[in-house]
Amino acid sequence: MGHRFLRDPASLTGFLIVGLLLLTALFAPLLAPHDPEPVSLAERLLAPGGEYPLGTDGLGRCLFSRMLYGARVTLGYAFVVLMVTLFVGIPAGLLAGYCGGFIDGVIMRLVDIILAFPNLVFALVVLGILGPGLLNAMLALAMLSWVSYARIVRGIVLSIKEKEYIAAARVSGSRGFVLIWRHVLPNVLPPVAILATLDLGKLVLAFSTLSFLGLGAQPPTPEWGMMINDARPFMQTFPRLMIIPGAAIALTVLGFNLLGDGLRDALDPQGYAGPADRREETRLPNAPALKGGA
Amino acid sequence: MPQRTVLHVKGLSTSFNTPEGIVRAVDGISFTLQQNRCLALIGESGAGKSVTALSLLRLVPVPGKITGGQVCLEDCDLLKLPTAAMRTIRGKEMALIFQDPLASFNPVITVGSQFVETILTHEPVSKATARKMTFAKLTGVGLPAEQVYHSYPFQLSGGMRQRAAIALALALQPRVLIADEPISFLDVTLQLQILGELKRQLEENRFTLLLITHDLAAASTIADDVAVIYAGRIVEQGPLQQVFGRPKHPYTNALLRSHPSFGRGRRLEPVEGPSPSPLHLPAGCAFHPRCPEMLPCCCNAAPELLGAAGEHRVACYRFNTLGIKSIGTEAVRA
Amino acid sequence: MKRYLLNRLLILIPVMLGVCFITFLMVELTPGDPAEIILLKRDIGVTPEALAVARRQLGMEGPVLQRFINWLGRAARGDLGYSYTSGEAVAKEIFRRLPATLELAAGGLLVMLFLALSLGILAALFPRTAIDHLSRLTALLGASLPSFYLGLLLICYLAVPSPYLQVMGLGGLSHLLLPSLTLGFGLAAVYARLLRSSLLEVLQLDFIRAARARGLREAVVIGKHALRNALIPLVTVFGITVGGLLGGTVVVEQVFAWPGVGRLAVQAIFDRDIPVIQGYALFMALIYVLVNLAVDISYRYLDPRIKLGRKETG
């Protein structure tokens, strides 16, 4: 599976983008020529070159350094939110699927209620309660995204519960949660891995959106979405201040999307195969049977 | 009754250009269809029967392509027609019935409106007239017209669906009806009914029927002539009685022996060996690796389809070279 | 069908109650005393008497459940309280600004449908050609570009050089075009790919070949027979898209200074103006839920196999 995954140019591109971003995020302090935060009005809006590879922003900060640290902020917080999401979503799904009955009812109704709001609206509700801010934005996104994991895990648990090898394990004496852990989890992991990769892209997008609206990261944190908002006054005079962070967000999301799609092809090929063909004759040269693309 | 040739197919070839290589699904086949008669095209699945049917209508799916030959409807070579003109042939002059009766109809549109739509495409009539014609056609195949008209395809039983498909195919009184395995999705009692329906329509209307089937019994019930196709080529053709009664080609023989109605109490013998891969057809006669009567020359070049007796023709070296005498004697006995 | 509708509506009741409860809880969960906030916002001295009056006005007396029921009763009569900042009735303010948001959402929807249908159909008709690759590229871009970034790029490189396109605030078509494009583009990209694979699958089915064999025009075969079947599975995803559309208006309104409810809500978050956020959330959830209901029902109408209650695989 591994080499097929890396042979696909799209997945490989995704892999490289994400890898490069991770390295940037990890080594930002080593790579950045300047401190990303202190304001220096004397050096504002400098052109790229020399000491400042990408020039400086409206407050005289090194754009290049802010971009590097921005990778750290964006990826770091997206990962934290994802961890919280997995930590809540998977157990909730396991619990709902395994226990059924009342617990299932409560969890799934909660899921229904959260899903009754358009996603961003729900985030606004949470931020309305807690007020704007980085941590609050993270919390809002976590409260939103656990839902899809709970649903998918619950679905898998329900379908696996019917299968025979669970019954066999029951007979052979495995009980309760140990049983789930041993038998259900391996089945749950591939789809969760795919979903999580795609979700990282979505989280980066959502996080930068909230920051753009001023509801997420607060100054002087170098965050790409906020940097775009800060660049709006200079949009026409110094477009690079907006274009560079925007391109960085787009590239990041693209990387996770490509990686996630590649993972899906590698881990879940059935979802891709299309309907079984019962007549071989008319379509006989089982040609590049028109498979659906991404 | 003088026979009137409706469709004349000459050297029709269709191949599929796949990444693995070129597949000659239909390789230079020729036959004629006479009015009010039925020709059964018989062969195993994968032999090129359905591709033949689609080639006649110029509906071969990509990456398939008709590479040569003629398909003459009366005097008009369909392969030379412009696309728009070909469209007026489909459904109007030449109609197709599919294997899966459900497949003939769009699942989310009522049966009736699919009739009306077809009629309106080809005839300058009002919607009300089209509707009336539909009712007449449905009644003509023994269906409760009112009910069927308003039904969705999935609401009809398999037999009703195939009757409706026949009615739809015959709605515009085409000159040629191609039935591609019309009964293989139905259960046995329905098979007979549908064959009966086809036969009755053939007697009452002016058209010619090309029955494509792997089912020898079906062919023998309804066909006047048969053509046996193997790996894209016709290996034996002629009047039903002659071909089934005195099969010449070892493949036809093997097919008949594998079938309960023609085994005549003998032990049933399946055709030996696997069907050849369409990508790597054996050189020479494609049947030679499975042939019990193979000659050394069979591996070199494919035998031509030559006359055995009267209309009966066969593509086999045993008859083309050695068998002349024996055929002569058999013809006398027949 | 009636039975299904009834069931579907019955499930809605607890969900809507939950939505209301969460919305109601906003006041309860917000740190700080709303009565105090309101007094401070209106520059009224915070005295115990003033606080008591403000509390009574806000309906903040009695146990939680009691207050929830009162709140629900008022909400049902269209009374969603008063904005802390403007003092205006929330329902009135939202109703005033809702048409702008709905106009934007409708514009985005049209752009989405137009782009998705044209790109998806073209890509399916010409798979593995330049058109297909272009549609794939567009889809990747659409899924990756943040809408606010796309909006700013459009302003910078399309609207500023063009004398026709307007970028700020409400107005005619010239105002609506870019915001709609910004809103619809990302969603369209995803749909185009979904439609492509769905259409490719349908085009392989026998009834399409049967339709061609009956001599129907290619436009009818694709536009009527294939498209209708290909769209059915997409309808189920459509509900989620509407969520994206409604949520997306917040961002687009911010970028294009569009005076809709999304802008109101974001400002309200900065102002800690809870009743306005409450009203916004409630309206959005209500619209979203109703649209999803409509989608579910229309799905049943589009596919007679479900409408008539007999499922069979074709």
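Why are A:Arg264 and A:Asp261 separated by about one helical turn? The two residues stand three apart in helix α10 (residues 240-267) of chain A, so about one turn of the helix lies between them. Note that this is a predicted model. A:Arg264 is partly exposed, at a relative accessible area of 32%.

Next, select A:Arg109 and A:Asp112, which lie three residues apart in helix α4 (residues 101-115) of chain A. Their side chains meet in a salt bridge of 3.1 Å, N to O. A:Arg109 is partly exposed at 38% relative accessibility, and A:Asp112 is partly exposed at 22%.

Now turn to C:Lys224 and B:Glu117, whose side chains meet in a salt bridge of 2.7 Å, N to O. This pair crosses between chains, from helix α10 (residues 218-255) of chain C to helix α3 (residues 111-122) of chain B. C:Lys224 is partly exposed at 34% relative accessibility, whereas B:Glu117 is buried at 10%.

Remain in chain B and display its open sheet of eight strands, in the order β6-β7-β8-β3-β9-β10-β12-β11, with mixed pairing. The edge strands are β6 (94-97) and β11 (306-309), each of which pairs on one side only. Three bridges join β11(B) to β12 (residues 312-314) of chain B, and these strands run antiparallel. Finally, select B:Gly307, which stands opposite B:Arg313 in β12(B).

Notes
Residues are numbered from 1 along each chain as its sequence is written. Chains are lettered from A and ligands numbered from 1 in the order in which they are written. This is a predicted model: local features need pLDDT of at least 70, side-chain atom pairs count only at pLDDT 80 or more; totals for chains, interfaces and linings use all residues. Side-chain values use heavy atoms; hydrogens and water are left out. Two strands pair if DSSP finds at least two bridges between them. Helices (H or I, at least four residues) and strands (E, at least two) are DSSP runs, numbered from the N terminus. A salt bridge is a side-chain nitrogen of Lys or Arg within 4 Å of a carboxyl oxygen of Asp or Glu. Buried means under 20% relative accessible area, exposed over 50%, partly exposed in between (1.4 Å probe, protein chains only).
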